[in-house]
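Then let's walk through it together, one feature after another.

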Amino acid sequence: MEKTIIILKPDAIRKGCVGLVLQRFEDAKFRIVGMKMMQLNEAVLREHYSHLTDKPFFCEIVDFMSSTPVVVVALEGVNAVEKVRKMVGPTDSTQAPKGTIRGDLGKDKNQNIVHASDSVESAEREMNRFFNAAELFVKG
Ligand code: ADP
């Protein structure tokens, strides 16, 4: 069993496909163990995307990710980190295969519907970044 974090980005909110994306994860046997709507600010985005703060497109990420509230979800399941990343697909939606969430619903490299933790270590960091212990409902 592993836990991972997904973020339904502003394009998912605008398109009204939050339910559709969550259904895919539930159909794949992942269990929601935490979920909340949040308005992300530049400070938390600098932390969350610290590997990208030097990139010329970083301000685009901040503008986009703070343009509406997002939905942050903690999922639990077998091999969750790797399986969820596979279901999400590669960063650039135009290159993402059909059948992946980004391939089916995303627009480009930035507006790609959903974030997913890229390792067990980042999942744990992100879990602590977005949730406190009382907001997570993991099985004992
Ligand atoms: P991923 O989300 O697939 O793990 P990265 O960690 O490389 O990918 O990038 C984080 C997010 O930053 C992407 O999901 C996307 O929203 C944005 N991003 C990445 N590369 C670009 C780019 N070249 N132009 C605009 N936005 C980008």
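Searching the whole structure, which is a predicted model, turns up six salt bridges. K36 belongs to strand β2, which covers residues 31–38, while E135 is in the segment after α7 (120–130).

Next, move over to the ligand. Where is it? The ligand takes up the space of the largest pocket. Around it you can pick out 13 residues, and the closest are K9, H51, R85, T91 and R102. What kinds of residues make up this shell? By class, five are charged, four are polar and four are nonpolar.

Zoom in on a few of those neighbors. T91 has a side-chain N or O atom 2.6 Å from an oxygen atom of the ligand. H51 also reaches a ligand oxygen, with a polar side-chain atom 2.8 Å away from it. For K9, the distance from a polar side-chain atom to an oxygen atom of the ligand is 2.9 Å. As for cover, the ligand on its own has 530 Å² of accessible area, and the protein covers 83% of that.

Notes: Residues are numbered from 1 along each chain as its sequence is written. This is a predicted model: local features need pLDDT of at least 70, side-chain atom pairs count only at pLDDT 80 or more; totals for chains, interfaces and linings use all residues. Side-chain values use heavy atoms; hydrogens and water are left out. A residue is near a molecule or strand if one of its heavy atoms lies within 4 Å of it. A polar contact is a pair of N or O atoms within 3.5 Å; within protein, one must be able to donate a hydrogen and the other to accept it, and residues adjacent in sequence count only if both atoms are side-chain atoms. Accessible areas come from the Shrake-Rupley method with a 1.4 Å probe; for residues, only the protein chains shown count as cover. On a 1 Å grid over the protein atoms alone, a cavity is a set of points where a 1.4 Å probe fits but cannot get out, and a pocket is an open set with protein on both sides within 12 Å along at least five of seven lines; lining residues have an atom within 4 Å of a point. A molecule sits in a cavity or pocket if more than half of its atoms lie within 2 Å of its grid points. Ala, Val, Leu, Ile, Met, Phe, Trp, Tyr, Cys and Pro count as nonpolar, Asp, Glu, Lys and Arg as charged, and the others, Gly among them, as polar. A salt bridge is a side-chain nitrogen of Lys or Arg within 4 Å of a carboxyl oxygen of Asp or Glu. Helices (H or I, at least four residues) and strands (E, at least two) are DSSP runs, numbered from the N terminus.
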